[in-house]
Amino acid sequence: MACLLETPIRMSVLSEVTASSRHYVDRLFDPDPQKVLQGVIDMKNAVIGNNKQKANLIVLGAVPRLLYLLQQETSSTELKTECAVVLGSLAMGTENNVKSLLDCHIIPALLQGLLSPDLKFIEACLRCLRTIFTSPVTPEELLYTDATVIPHLMALLSRSRYTQEYICQIFSHCCKGPDHQTVLFNHGAVQNIAHLLTSVSYKVRMQALKCFSVLAFENPQVSMTLVNVLVDGELLPQIFVKMLQRDKPIEMQLTSAKCLTYMCRAGAIRTDDNCIVLKTLPCLVRMCSKERLLEERVEGAETLAYLIEPDVELQRIASITDHLIAMLADYFKYPSSVSAITDIKRLDHDLKHAHELRQAAFKLYASLGANDEDIRKKIIETENMMDRIVTGLSESSVKVRLAAVRCLHSLSRSVQQLRTSFQDHAVWKPLMKVLQNAPDEILVVASSMLCNLLLEFSPSKEPILESGAVELLCGLTQSENPALRVNGIWALMHIDKIMSTHGKQIMQAVTLILEGEHNIEVKEQTLCILANIADGTTAKELIMTNDDILQKIKYYMGHSHVKLQLAAMFCISNLIWNDEEGSQERQDKLRDMGIVDILHKLSQSPDSNLCDKAKMALQQYLA
């Protein structure tokens with residue numbers, strides 16, 4: 001009998017909970033407009049800070065009714081405004097609340113509300129839209145489906161500081177990728193937002209700054225425009241520099257540093273410009289200190305890694321600024337059991353997000369060590385560094401694993417380290433584990449790293465081959481991902497004897513890449529691989545007996561892209577080189593194919609490099 005009572009009890013609890021909320025919804029249907037307005041105001045007061053009440057009202061169907069009242073022409077402006085406020089409050093609850101609002105088509109209704117002449121109603125609609133668009137469950141595309149929305153939002157920017165704050169926040173959250181950047185840029189985002197950087201309102205200045213950071217990211221067109229924009233007689237980069245001074249709030253310093261970083265990476269500001277070397281870089285290093293909050297340290301390190309990634313001089317400057325290399329070691333010790341954090345909520349948050357610190361540290365170490373041997377040495381000599389990387393390779397977070405592999409790959413460019421630290425820590429063992437069933441983005445970096453470990457002088461080469469690497473690499477040569485195929489072939493072709501056992505498979509993979517619709521860089525790499533194969537004794541025959549491959553080389557010698565012509569020439573030179581056994585037979589076969597005629601043509605090429613290589617190859621026939 002006890003079992004039978006369970007359901008009625010549960011239902012009565014639910015009905016009791018919803019009964020206390022039902023009267024709020026019932027009042028929305030009262031024929032007296034004044035009572036409806038009071039009902040909405042009472043509902044607004046009931047839901048503030050009360051997620052349970054919000055969920056109940058959504059379950060009871062409050063949202064469709066509120067949206068109906070908001071769109072009714074007969075509703076007073078005050079009622080419409082209060083409806084928008086309640087909907088905004090419901091959106092501030094859980095992600096499920098936002099999903100329920102989206103299911104009721106709240107966005108088109110609120111966007112329609114922006115056409116009203118009443119400023120208070122417009123602000124309430126924008127505040128609600130801001131809350132919805134900043135939720136991770138809202139698709140950004142919903143802002144761009146109606147082509148009239150963006151220009152209308154641009155026009156509303158001049159109405160009040162609230163419209164400025166909310167619209168900039170909507171833009172910065174909904175600008176994801178080059179297509180969105182182009183739409184906003186073409187509708188005058190730069191001109192309309194630039195003057196907001198001098199607003200009296202801190203919130204407006206901050207949201208405008210965030211807009212510029214997302215607009216400039218990896219976008220040369222926007223970045224080149226920003227460099228020349230004047231606001232009150234001052235150039236935008238100078239305004240950004242003022243905003244990253246130490247006396248400004250941390251959030252403002254960080255976002256200004258991001259704007260300057262993105263403009264620099266997009267080619268609009270030189271890497272040796274004082275605003276980068278003396279202002280942006282030191283500001284980002286400051287963000288890495290242990291006095292900063294976890295998210296500030298993560299953002300600071302990741303932005304700095306991005307800034308210095310392609311530039312060796314910036315890498316050197318960063319490595320000697322404020323003991324950065326040692327400072328990053330603290331990222332692995334935080335938060336510790338003796339942490340100074342007294343705020344329990346903050347400690348709980350930081351424990352959940354500590355992996356982000358490790359990921360950021362690995363990324364920055366990878367950028368720092370990308371080119372300079374001394375910096376790599378300093379990184380590796382940092383306390384327990386190799387152990388930390390090895391641990392990172394087996395972390396549960398894919399992002400941390402990827403960052404650890406990238407860091408290892410960066411350090412593996414050092415011959416000295418391959419022979420010492422990498423061997424001492426048997427790095428190849430965890431790396432081989434990473435290569436089993438990893439996502440493609442990790443596989444690409446890990447297989448590149450394996451190429452370095454398989455070089456002739458690497459002591460790890462033999463144990464790696466004995467542990468089944470050949471089968472694994474042969475598997476990569478059959479991958480659908482061209483980058484993985486290239487890495488698989490690169491790693492295999494370091495060893496001539498592998499060509500004798502797995503040559504057929506490797507040649508098949510090379511053919512597939514050269515035939516496929518791949519970019520110039522991938523094809524160039526593949527032809528270079530072929531040239532390296534053509535340098536091996538056994539491997540030469542594999543190429544010479546494969547007419548399909550020879551025809552491909554011939555085709556690329558006459559390609560419109562010089563890079564591909566040069567790479568194909570590299571193959572031919574290695575095949576016809578006089579000093580090597582069988583060169584006469586190879587030369588004869590290639591002459592019969594018409595290769596000599598092509599060499600004569602290329603010796604007249606306007607490209608001096610190509611012309612020289614062709615003449616050098618023809619010398620082999622004359623010798």
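This is a predicted model: local features need pLDDT of at least 70, side-chain atom pairs count only at pLDDT 80 or more; totals for chains, interfaces and linings use all residues.
The crossing of helix 23 and helix 24 is left-handed. Helix 23 covers residues 385-392 and helix 24 covers residues 398-411; their axes come within 8 Å and cross at roughly 135 degrees. Angles from 65 to 115 degrees count as roughly perpendicular and those over 145 as roughly antiparallel, and helix 23 and helix 24 are therefore oblique to each other. On the side of helix 23, the contact is made by Met 386, Ile 389 and Gly 392, while helix 24 brings Val 400, Arg 401, Ala 404, Cys 407, Leu 408 and Leu 411. Sorted by class, the residues of this contact comprise seven nonpolar, one polar and one charged.

A second pair of helices can be described in the same terms. Helix 18 (residues 294-308) packs against helix 21 (residues 344-368) at an angle of about 15 degrees, and their axes lie 8 Å apart. Because angles under 35 degrees count as roughly parallel, helix 18 is roughly parallel to helix 21. The crossing of helix 18 and helix 21 is left-handed. Eleven nonpolar, four polar and seven charged residues take part in the contact between helix 18 and helix 21.

Stepping back, the protein as a whole holds 39 helices and two strands. Its C-alpha atoms fill a box of roughly 105 × 65 × 50 Å along the principal axes. Of the 623 residues in the protein, 54% are buried. Among contacts between residues at least 6 apart in sequence, 66% join residues at least 24 apart.

With neighbours within four places in sequence left aside, Leu 368 is in contact with Ile 308, Gln 315, Ala 318, Ser 319, Leu 324, Ile 325, Leu 328, Ile 375 and Ile 379.

Lys 540 lies in helix 34, which spans residues 537-544. With a relative accessible area of 3%, Lys 540 is buried, since the cut-off for burial is under 20%. Beyond its neighbours within four places in sequence, Lys 540 is in contact with Ile 533, Ala 534, Asp 535, Asn 574, Leu 575, Glu 580 and Arg 586.

Glu 218 sits in the loop between helix 13 (202-216) and helix 14 (220-227), and its phi is near 50 degrees, a positive value in a residue other than glycine. At a relative accessible area of 53%, Glu 218 is exposed. Glu 218 and Leu 281 are 63 residues apart in sequence, with their C-alpha atoms 18 Å apart in space. Asp 322 likewise is not a glycine and has a positive phi of about 50 degrees. The loop that holds Asp 322 runs between helix 19 (312-319) and helix 20 (324-329). Asp 322 counts as partly exposed, at 43% relative accessibility.

Methods: Residues are numbered from 1 along each chain as its sequence is written. Side-chain values use heavy atoms; hydrogens and water are left out. Axes are lines fitted to C-alpha atoms, for helices over the stretch in contact, and angles run from 0 to 180 degrees between N-to-C directions. Helices (H or I, at least four residues) and strands (E, at least two) are DSSP runs, numbered from the N terminus. A crossing is left-handed if the near helix is turned anticlockwise from the far one by less than a right angle, and right-handed if clockwise. Contact means heavy atoms within 4.5 Å. Ala, Val, Leu, Ile, Met, Phe, Trp, Tyr, Cys and Pro count as nonpolar, Asp, Glu, Lys and Arg as charged, and the others, Gly among them, as polar. Buried means under 20% relative accessible area, exposed over 50%, partly exposed in between (1.4 Å probe, protein chains only).
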